[in-house]
Amino acid sequence: MKKNKTKMIILITGAIVLVLLVVSNFIYVSPRETLLYKAQQYLTYSKSDWENYEENQKILANNPTDSHMETAVERSISLDDIYSLDTNRVAPEVKDEELQKIKKANFENLIPSSHVPDHEDAQAALIRFTKGRLTEVIINQKINIKVGKCYDNPHTEGNYNCVSCMILLYNRETKDWQEAPNGDNFLKPAYDFYQPSKGDIWEAKDLSMRIPFDYDLFKKFESKP
């Protein structure tokens, strides 16, 4: 009898804990954080994780998402041709096709920009551009945005200036770059960054001109042996 009673108590306790875990995943303690997520934070976060979390919270506070932000961009070339590929990491037939696109792109006419967003500027701009989706990746997947070489973009669309740059996803835990966020890959490898007026904050929009693949950016942030 005692063994059956003990087993029943264990089963009931386990069921209650399971129900609480499921329910806590639907209770939001803030617009982006569930009760379960907060519990996981306190159980698993190290000192450096908390420091990164606080930094990300400051970024969010200083860069609120604008739900009315305009995201449509007029393009001068097709979407298929606009993003450059790493020719060292593609199949031979794709590499041959990419090399032909590079020859036609006239990269020698591009002007490297001297006025560019830094990593924090680019990350904050992309948080706003993705309407907060990037925030989950920064916090939960321990990823930050790094920005590479930028080029002057004449498609200012009435803004003070515009530059086109490649970006990289840097994993703070592995100390290495990764190709895409885990799960939904909603990020592109390059974007336009612009300032609506002189001295204004940087904003992001879809890439509007083809730029070279930034090999130096990826080499800079790859893990060191």
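Colleague: What should I know before I start?

Modeller: This is a predicted model, in which local features need pLDDT of at least 70, side-chain atom pairs count only at pLDDT 80 or more, and totals for chains, interfaces and linings use all residues. Residues are numbered from 1 along each chain as its sequence is written, and side-chain values use heavy atoms, leaving out hydrogens and water.

Colleague: What is the mean pLDDT of the protein chain, and where is confidence lowest and highest?

Modeller: pLDDT is the predictor's confidence in each residue, from 0 to 100. Here the chain has a mean of 80, with 68% of its residues at 70 or more. Strands are DSSP runs of E, at least two residues, and helices are runs of H or I, at least four, numbered from the N terminus. Confidence is lowest in strand β1 (residues 28-30), with a mean of 54, and highest in strand β6 (residues 190-195), at 98. Over residues 65-78, pLDDT stays under 50.

Colleague: How many residues does helix α5 have, and how far does it reach?

Modeller: The expected span of a helix is 1.5 Å times one less than its number of residues. Helix α5 (residues 92-105) has 14 residues and reaches 20 Å from first C-alpha to last, close to the 20 Å expected. Just after α5, Asn-106 takes a positive phi of about 55°.

Colleague: Which residues does the disulfide join?

Modeller: A disulfide is a pair of cysteine sulfur atoms within 2.5 Å. The structure holds 1, joining Cys-150 to Cys-165 with an S to S distance of 2.1 Å. The link of Cys-150 and Cys-165 is right-handed, with 110° about the S-S bond. Cys-150 lies in strand β3 (residues 143-152) and Cys-165 in strand β4 (residues 161-171), so the pair ties together parts 15 residues apart in sequence.

Colleague: What volume does the largest pocket have, and which residues lie nearest its centre?

Modeller: On a 1 Å grid over the protein atoms alone, a pocket is an open set of points with protein on both sides within 12 Å along at least five of seven lines; lining residues have an atom within 4 Å of a point. Grid points are joined across faces, edges and corners, and a volume is the space filled by probe spheres set on the points. The largest pocket has a volume of about 470 Å³. Its lining has 21 residues, with Met-166, Glu-179, Pro-189, Phe-213 and Phe-218 nearest the centre. Strand β4 gives the most to this lining, with 4 residues.

Terms used: Contact means heavy atoms within 4.5 Å. On a 1 Å grid over the protein atoms alone, a cavity is a set of points where a 1.4 Å probe fits but cannot get out, and a pocket is an open set with protein on both sides within 12 Å along at least five of seven lines; lining residues have an atom within 4 Å of a point.
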